[in-house]
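Have the sequence and the model open as you read.

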Amino acid sequence: MRWALVKVCLAVTVMVVVAFAVPLGLVIKEMARDRAFSNAERWAAAIGPTLSITTDRDSLDRAVQTTEVGIAGRMAVHVPATDEPGSVPLEIGRRRAAQQDLETTRRIGRASISEVPGGYALLQPTAVASGRIAVVEVYVPEGDVSNGVATAWLVLSGVGLALIVGSVAVADRLGVRMVQPAQRLAGAAHDLGEGRLGVRVPEEGPTELRSAAAAFNSMADQVVQLLANERELAADLSHRLRTPLTVLRLNAASLGEGPAAEQTRAAVEQLEREVDTIIRTAREQRSQTQGAAGPGAGCDVSEVVRERMDFWSALAEDEGRKVRLAGVDRPVRIPVARPELAAALDALLGNVFRHTPLGTAFSVDVHNGDDAVIVLVSDAGPGISDPKAALVRGNSGGKDGSTGLGLDIVRRVAESTGGDVRIGHSVLGGTEVRIWIGLDGRTASDGRHGHGHRLGRSRRGAGKRPAGLKI
């Protein structure tokens with residue numbers, strides 16, 4: 001593309017230079033010729049007054065010598081003989097034109113130009129006193145006719161060459177400006193095809209290539225987002241398997257001793273390790289993205305809480321845990337999909353069973369306000385020694401069998417509505433996880449309802465207490 005543009009520009013410039021330089025050079029040549037013969041006519045006219053008065057040789061010779069061309073020996077005067085007997089033609093100066101040309105000039109009565117060796121001869125007819133026609137001959141050398149023409153052609157050639165070189169250089173720069181963005185775009189597409197998802201193209205060059213670069217970058221972002229969603233889905237689905245695995249592990253612990261019990265516990269532990277490996281592998285390259293629930297998505301938080309508590313109550317009864325449930329006596333709609341909220345609750349409740357001793361009590365409370373809903377999961381366990389570390393995404397806290405992703409699922413559920421997550425100390429003496437779920441995408445906790453550490457980015461309206469919320 002670059003060389004094609006250079007060739008086109010070269011061909012166009014050469015045609016333009018030839019179209020203008022050749023006619024201009026011919027005009028300059030013609031002007032030089034006209035200038036030389038105009039000067040010759042002027043010198044020839046200078047002898048006319050003398051010829052009209054006298055044809056005396058001495059007088060005419062002095063008149064010729066007074067002119068520049070006469071001194072240079074380039075002027076001659078040819079006076080024909082009279083009709084008187086014994087009259088001879090008068091010749092002054094050196095004759096270069098042929099006799100036939102002289103006769104022709106006398107006959108036609110106007111100036112003419114004839115070629116002579118080394119140049120041209122201007123023949124100017126002039127009437128003398130006797131009524132005869134004398135001819136003044138002025139010799140014009142070839143050098144005078146072409147004086148300055150060679151220089152003009154050289155200048156025109158130089159200007160034309162400069163124009164050609166300049167146009168080629170400009171075309172080459174334009175070609176580079178067009179080709180380099182296209183090459184970068186092709187290289188980025190190749191890199192993206194090889195799996196280098198971070199490659200992007202600078203939006204430079206002509207408008208069309210800038211649009212193509214913007215479209216490519218948008219496509220690459222979309223590809224990254226789609227892959228991130230795939231990994232997120234794989235990680236979340238794998239993490240949701242932790243809930244039944246927790247139940248299996250706790251049930252396997254109560255099987256007592258024996259080969260069958262040991263094999264069951266080993267199989268559960270191996271399955272947990274495999275699930276953890278899937279989760280970590282799927283989320284190694286997870287992008288920092290999130291998605292809000294689509295239009296019309298939502299669920300009844302009270303119904304979901306009751307359902308998940310029914311699931312966990314059997315295990316709580318087996319372990320001697322006291323359970324308290326509050327605030328779920330009436331429907332409370334939130335803009336969160338039912339599976340997402342269930343996964344978040346299972347993650348929090350699974351952590352209670354996994355990381356607190358047997359017999360530890362816990363509670364789930366739902367508080368409904370005008371523009372926010374708060375879900376509190378509290379326990380009477382030993383608490384979290386380092387809440388900040390627990391809030392780090394993917395941090396397992398050094399605990400065996402933990403991926404540290406449960407709070408990440410909870411965080412995404414809260415942030416998708418404009419809320420956030422905080423960890424603090426519960427009234428039961430252990431840990432309290434507080435999920436703020438915004439009903440209009442603006443609400444976030446300001447921490448006036450207890451001390452804790454916040455998980456998630458700041459949201460619009462942070463620091464405002466939801467209107468009508470009573471805790």
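## Buried or exposed

A residue counts as buried when its relative accessible area is under 20%, as exposed when that area is over 50%, and as partly exposed in between. Arg308 has a relative accessible area of 13%, so it is buried. Please keep in mind that this is a predicted model.

Now for the packing. In soluble globular proteins, nonpolar side chains tend to be buried together. Here the largest nonpolar core has 37 residues, and those with the most contacts inside it are Val301, Val305, Ile334, Leu341 and Val375. Two or more residues come from each of several elements, including the helices α8 (242-253), α10 (301-318), α11 (338-355) and α13 (406-415), along with the strands β9 (362-368) and β10 (372-379). Helix α11 gives the largest share, 8 residues.

Beyond its neighbours within four places in sequence, Val305 is in contact with Leu325, Val328, Leu345, Val364 and Val366. Another core, of 23 residues, lies apart from the largest one; among its members are Phe37, Val69, Val79 and Tyr120.

On to the charges. Side chains of opposite charge can pair when their charged atoms come close. Across the whole structure, a search finds 11 salt bridges.

Arg308 takes part in a salt bridge with Glu307, at 3.7 Å from N to O. Glu307 has 34% relative accessibility and therefore counts as partly exposed. Arg308 also meets Asp346 in a salt bridge, with an N to O distance of 2.9 Å. Because Asp346 sits in helix α11 and Arg308 in helix α10, this pair ties together parts that are 38 residues apart in sequence. Asp346 is buried, its relative accessible area being 11%. Through shared partners, salt bridges join Glu303, Glu307, Arg308, Arg338 and Asp346 into one network.

Which residue forms a salt bridge with Asp144? The partner is Arg74, and the closest N and O atoms are 3.1 Å apart. This pair links distant parts of the chain, 70 residues apart: Asp144 belongs to helix α5 (residues 142-145), while Arg74 is in the loop between α3 (68-71) and β1 (75-79). With a relative accessible area of 33%, Asp144 is partly exposed.

Conventions
Residues are numbered from 1 along each chain as its sequence is written. This is a predicted model: local features need pLDDT of at least 70, side-chain atom pairs count only at pLDDT 80 or more; totals for chains, interfaces and linings use all residues. Side-chain values use heavy atoms; hydrogens and water are left out. A nonpolar core is a set of buried Ala, Val, Leu, Ile, Met, Phe, Trp, Tyr and Cys residues joined through side-chain atoms within 4.5 Å. Buried means under 20% relative accessible area, exposed over 50%, partly exposed in between (1.4 Å probe, protein chains only). Helices (H or I, at least four residues) and strands (E, at least two) are DSSP runs, numbered from the N terminus. Contact means heavy atoms within 4.5 Å. A salt bridge is a side-chain nitrogen of Lys or Arg within 4 Å of a carboxyl oxygen of Asp or Glu.
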